[in-house]
Amino acid sequence: MKARKVTAAAAAVLALSVTATACGSDDKDDKGSGGKKITIGIKFDQPGVGLKTPDGYTGFDVDVATYVAKELGYEAGDIEWKETPSADRETALQRGDVKFIAASYSINDERKEKVDFAGPYLLAHQDLLVRSDDKISKGTDLNGKKLCSVTGSTSAQNVKKEIAPKAQLREYGTYSECIDGLGSGAVDALTTDDSILAGYAAQEQYKGKYKLAGLKLTNENYGIGIKKGDSKLEDQINKALEKMVKDKSWDKAVKKNFGPANYKNEPAPKIGDIVK
Amino acid sequence: MFDFLEDYDLLEAFWMTVKLTVFAGIGSLVWGTLLAAMRVSPVPVMRWFGTAYVNIVRNIPLTVIIVFSSLGLADVFGITLGAGDDVDTMTFRLAVLGLGAYTAAFVCEAVRSGINTVPVGQAEAARALGLSFSQVLGLIVLPQAFRSVIGPLTNVLIALTKNTTVAAAIGVAEAALLMKEMIENEAQLFLITAIFAFGFVVLTLPTGLILGWLGKRLAVKR
């Protein structure tokens, strides 16, 4: 008797979950074909690039994604933003959780094997954020200095392997854990893409305290990640990006998001033109 | 499929995991045993301290302890544990400190449960012979207690091995940190995760088997 009860309960749970998942996938189909909603992957924790705030989402990636979505036929209100942390980006695209990803996503060969890229839409460089009164003019000046970056990030690896192997690298989970150390003197510099650093330097509470060193240590070509093989979407996004540059919306977005940090941006990259 | 592995030093990363486990393991065994002694001691202040320590520390998430040891102890209070300006050594020692302090709470409870398995008559007989508290504990009770808690202590050690991955949060170059780097570069989430999962099986399975066998052989039959 007891065994039967358990089986019945299990069957009920199973049936429920099957119907629940069925509902879920139905919804998703509607979004895709009906053209009502679009899900876009961004970062939630990078000021200037992709940031979730109490009043919504801000940042350059968000502006680019909104523009592209508009060209694809979705109004700003139709966009569902989804956080895609670095480790999760390829799987999110492969599973179809997001239509495309604009999340400081640098184009490289390993990633190209898994996903396709539209763009690039921005050329960023690895750079340093230092205290305003500090003088660092080249990468090797970092040897012996204390440097902070995010665990496992490309920037941290570059410092360890190429730029300044003798630098003292602190690695934390987020840049926010680094930035207070910069203020208190526990670290001398913060390193990642200059676009992200500009976003931090431009934040109200840090204005004037920190500056970008402007070293251009690497080239990071930000692309829009899409599911492998979706060449139709790739063309559409590329067209949208070209239009965005042409009608000056691109310049406006750069100025709005990075401007306050005195960020000297590269000119808008040409589609498919990857700077090594 | 596995050719990208050549670019990474898996062994070095897992060696760091082993080092973290061993040092934190020794530290927590010593400190945990002391805490257990405090919890059964006749001095109320020590009993109170032992209880408070265990109940507070084991309820703080390990990530909080580890990140505090780096952001708090090192950056704010300037405690570098004798590592001077060498960041790698400093974060390693801070991680050992954090892991040891946390694991000690669990070691303490395991040892205390072992003490409870020793019949009261043993301690009473020892006291009747005129042994002091530390002699009763060190010569009569703890040797018997340890032999009966090898199993639980093995579980604590295995948990510690896996917990070392939290040290990646402050940049100790161990397995989890290498895993993050590899995922960032290679975009091969499942393959890389599987490799590291396998690595931890290689570390923990033999530990469990050997110590389990030892525990059976040494257990006091009552």
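These legends describe close-up views of a predicted model.

**View 1. The contact between chain B and chain A.** Chain B brings 26 residues to the contact, and chain A brings 24 residues. About 2100 Å² is buried between the two chains. Carbon and sulfur atoms give 48% of that area. On the chain B side, the residues that lose the most area to chain A are Val87(B), Glu184(B) and Ala187(B). Together these three make up 27% of what that side buries.

View 2. Three salt bridges are counted between chain B and chain A. Arg111(A) forms a salt bridge with Glu184(B). Their closest N and O atoms lie 3.5 Å apart.

**View 3. Helices on the chain B side.** Four helices of chain B each supply at least two residues to the side that touches chain A: H3 (62–76), H4 (87–117), H8 (175–186) and H9 (189–218). H8(B) gives the most, with seven residues. By class, this side of chain B has 13 nonpolar, five polar and eight charged residues.

**View 4. Gln168(A) and its contacts in both chains.** Gln168(A) is found in strand E10 of chain A, residues 168–172. Its relative accessibility is 19%, so Gln168(A) counts as buried, the cut-off being under 20%. Neighbours within four places in sequence are left aside in the contacts of Gln168(A) that follow. In chain A, Gln168(A) is in contact with Gly144(A), Lys145(A), Lys146(A) and Leu147(A). In chain B, Gln168(A) is in contact with Asp85(B), Asp86(B), Val87(B) and Asp88(B). Val87(B) is also among the residues of chain B that lose the most area to chain A.

**View 5. The surroundings of Asn221(A).** Asn221(A) is found in strand E13 of chain A, residues 220–227. At 3% relative accessibility, Asn221(A) counts as buried. Its contacts, leaving aside neighbours within four places in sequence, include Tyr105(A), Ser106(A) and Ile107(A). Pro120(A), Leu122(A) and Leu123(A) are also among the contacts of Asn221(A). Asn221(A) and Val275(A) are 54 residues apart along the chain, yet their C-alpha atoms are separated by 6.9 Å.

**View 6. The open sheet of chain A.** Five strands form this sheet, in the order E5-E1-E6-E13-E7. The pairing is mixed. Strands E5 (79–83) and E7 (115–124) of chain A are the edge strands, and each pairs on one side only. Strand E1 of chain A, residues 38–42, runs parallel to E5(A), and five bridges join the two. Ile42(A) stands opposite Glu83(A) in E5(A). E13(A), the strand that holds Asn221(A), sits between E6 and E7 in the strand order.

**View 7. Two hairpins in chain A.** Strand E2 (residues 45–46) and strand E3 (residues 50–53) of chain A run antiparallel, joined by two bridges. Gln46(A) has Gly50(A) in E3(A) as its bridge partner. Three residues lie between the strands of this hairpin. Gly48(A) takes a positive phi near 90 degrees there. E3(A) also runs antiparallel to strand E4 of chain A, residues 56–58, through three bridges. Leu51(A) stands opposite Thr58(A) in E4(A). The hairpin joining E3(A) to E4(A) passes through two residues.

Conventions
Residues numbered from 1 in each chain as written. Chains lettered and ligands numbered in written order. Predicted model: local features only at pLDDT ≥ 70, side-chain atom pairs only at ≥ 80, totals over all residues. Heavy atoms only, no water. Contact = heavy atoms within 4.5 Å. Buried area = accessible area lost by both parts, 1.4 Å probe. Salt bridge = Lys/Arg side-chain N within 4 Å of Asp/Glu carboxyl O. Nonpolar A, V, L, I, M, F, W, Y, C, P; charged D, E, K, R; others polar. Buried < 20%, exposed > 50% of the residue type's maximum accessible area, 1.4 Å probe, protein only. Pairing = 2+ DSSP bridges.
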